[in-house]
Amino acid sequence: MPCIRPAEPEGVEGLKEESFIRKGKGKVKVVVESEGERMETTINGSLKSVDEMAEMLGVEPGDGRIDAVVDGVRVKAEGGKLEMEFENGDRLRIEKA
């Protein structure tokens, strides 16, 4: 019996997937810091604009920046850079590579 099974379409029907990263040209560096460990990778794509991210999060950007707490997650964003800090102390950074 496999530990990982493919997604069942009826189980995810109606869910809307959104990402801070859009497909396309360019590369972004993704850094995850958790419990003193750090994982870093580079992927193809580009970071969405601050306005697009603000709309996804339901906040108002100020001076081309986001500095807000959304559902207990501290979010900071400005052109080409996004930082998220979770309640448990884990951090996620996405920036142009």
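Strands here are DSSP runs of E, at least two residues long, numbered from the N terminus. By that numbering, Gly 79 sits in the loop between β4 and β5. I will come back to that glycine. One caveat before the rest: what you see above is a predicted model.

Let me start with the sheet. It is open and has 6 strands, in the order β2-β1-β6-β5-β4-β3, with antiparallel pairing. β2, residues 37-47, and β3, residues 65-70, are the edge strands, and each of them pairs on one side only. From one strand to the next, the twist averages 15°.

Now the helix. α2 lies across β1 (21-34), β2, β3, β4 and β5 (81-85), and it runs at about 15° to β3. The helix covers residues 50-57, and Val 50 lies in it.

Is Val 50 buried or exposed? Its relative accessible area is 10%, and the cut-off for buried is under 20%, so Val 50 counts as buried. What does Val 50 touch, leaving aside neighbours within four places in sequence? The contacts are Pro 61, Gly 64, Arg 65, Ile 66, Ala 77, Glu 78 and Gly 79.

With neighbours within four places left out, Gly 79 is in contact with Val 50 and Gly 64. So which side of the cut-offs does this glycine fall on, buried or exposed? Gly 79 has 67% relative accessibility, and exposed means over 50%, so it counts as exposed. Val 50, its contact partner, is buried. Gly 79 and Lys 48 are 31 residues apart in sequence, and their C-alpha atoms are 8.9 Å apart in space.

Next, a residue in another strand. Arg 93 is placed in strand β6, residues 91-96. At a relative accessible area of 17%, Arg 93 is buried, because the limit is under 20%. What does the side chain of Arg 93 make a polar contact with? The partner is the side chain of Glu 33, at 3.2 Å. Leaving aside neighbours within four places in sequence, Arg 93 is in contact with Lys 29, Val 30, Val 31, Glu 33, Arg 38, Leu 82 and Glu 83.

Last, two backbone angles. Most residues other than glycine have a negative phi. Asp 63 has a positive one, near 55°. Where is Asp 63? It lies in the loop between α2 and β3. Asp 63 is exposed, with a relative accessible area of 81%.

Asp 71 also has a positive phi, near 50°. This residue is found in the loop between β3 and β4, and at 77% relative accessibility Asp 71 counts as exposed.

To recap: α2 lies across β1, β2, β3, β4 and β5, Val 50 in that helix is buried, and Asp 63 and Asp 71 have positive phi values. That is what I have.

Definitions and conventions
Residues numbered from 1 in each chain as written. Predicted model: local features only at pLDDT ≥ 70, side-chain atom pairs only at ≥ 80, totals over all residues. Heavy atoms only, no water. Helix = DSSP H or I, 4+ residues; strand = E, 2+ residues; numbered from the N terminus. Buried < 20%, exposed > 50% of the residue type's maximum accessible area, 1.4 Å probe, protein only. Contact = heavy atoms within 4.5 Å. Pairing = 2+ DSSP bridges. Axes fitted to C-alpha atoms, helices over the stretch in contact; angles between N-to-C directions. Polar contact = N/O pair within 3.5 Å; in protein donor to acceptor, adjacent residues only side chain to side chain.
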